[in-house]
Amino acid sequence: QLQAFGGGLVQPGGSLRLSCVVSRNMFSALGWYRQAPGKQRELVVVYSASGTTTYADAVKGRFIFSKDSAKNTMYLQMTSVKPDDTAVYYCYAKLPNNTPIWGQGTQVTVSS
């Protein structure tokens, strides 16, 4: 029900935009998580249905969450990327009954 796109190889300091199609139009939260090799999955950003957006400290000021309701798509604009941003990125939605839905991951590699 979630399908993510846009991962790839990007140089340090570069930009990349991830997209995720959400096949539902009712949710209590949307967001992105990431999992680096050997590490636990961690929150990148969460957007609540009330309109609040919360970013992880590691990405504040560099990543921006947005969504296009007409296209049922959410985005993660990544700028000034660092090697530490290398991870598999997962889009996420929480249904009104708090059931989480995960998209398949998309690999982002930051390397020169």
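Mentor: The account below begins with the core, turns to the strands and the aromatic rings, and ends with the loops.

The model is predicted, so local features need pLDDT of at least 70 and side-chain atom pairs count only at pLDDT 80 or more, whereas totals for chains, interfaces and linings use all residues. Residues are numbered from 1 along each chain as its sequence is written, and side-chain values use heavy atoms, with hydrogens and water left out.

Two terms are needed at the outset. A residue is buried under 20% relative accessible area, exposed over 50% and partly exposed in between (1.4 Å probe, protein chains only). A nonpolar core is a set of buried Ala, Val, Leu, Ile, Met, Phe, Trp, Tyr and Cys residues joined through side-chain atoms within 4.5 Å. In soluble globular proteins, nonpolar side chains tend to be buried together.

In this model the largest nonpolar core has 30 residues, and Trp32, Leu76 and Tyr89 are those with the most contacts inside it. Two or more residues each come from β1 (2–5), β3 (16–22), β4 (29–35), β5 (42–48), β7 (63–68), β8 (73–78), β9 (87–94) and β11 (106–110). Such elements are DSSP runs numbered from the N terminus: strands (E) have at least two residues and helices (H or I) at least four. A contact means heavy atoms within 4.5 Å. Leaving aside residues up to four places away in sequence, Tyr89 touches Leu18, Trp32, Tyr33, Arg34, Val44, Phe63, Leu76, Met78, Gln104, Gly105, Thr106 and Val108.

The strand partners come next. Two strands pair if DSSP finds at least two bridges between them. β9 and β11 are antiparallel and share three bridges; in this pairing Tyr89 has Thr106 of β11 as its bridge partner. Strand β2 (residues 8–10) runs parallel to β11, also over three bridges, and here Gly8 is partnered by Val108.

β3 is mostly covered, with five of its seven residues buried. β1 is joined to β3 by four antiparallel bridges, with Ala4 partnered by Cys20 in β3. β3 also pairs antiparallel with β8 over six bridges, and in β8 Gln77 stands opposite Arg17.

The rings can now be placed. Rings of Phe, Tyr and Trp (its six-membered ring) pair if their centres lie within 6.5 Å; planes under 30 degrees apart count as stacked, over 60 as edge-to-face and the rest as tilted. By this rule there are four aromatic pairs. The ring centres of Tyr33 and Trp102 are 5.0 Å apart and the planes are at 75 degrees, so this pair is edge-to-face. Tyr33 is in strand β4 and Trp102 in strand β10 (residues 100–102), so the pair ties together parts that are 69 residues apart in sequence. Tyr33 is partly exposed at 21% relative accessibility, and Trp102 is partly exposed at 35%. Tyr47 and Phe65 have ring centres 5.3 Å apart and planes at 20 degrees, so they are stacked. Tyr47 lies in strand β5 and Phe65 in strand β7, so that pair ties together parts 18 residues apart in sequence. Both Tyr47 and Phe65 are buried.

Tyr33, Tyr92 and Trp102 form one aromatic cluster. A charge sits over a ring if NZ of Lys or CZ of Arg is within 6 Å of the ring centre and within 35 degrees of the ring normal. Arg41 meets this for Trp102, at 4.6 Å from the ring centre, and its charged end also sits over the ring of Tyr90, 3.7 Å from the centre.

Thr86 lies in the loop between β8 and β9. A polar contact is a pair of N or O atoms within 3.5 Å; within protein, one must be able to donate a hydrogen and the other to accept it, and residues adjacent in sequence count only if both atoms are side-chain atoms. The Thr86 side chain reaches the backbone nitrogen of Val110 at 2.9 Å, and one of its polar atoms lies 3.0 Å from the backbone oxygen of Pro83. Ser80 is placed in the loop between β8 and β9 and has a positive phi near 45 degrees, although not a glycine.
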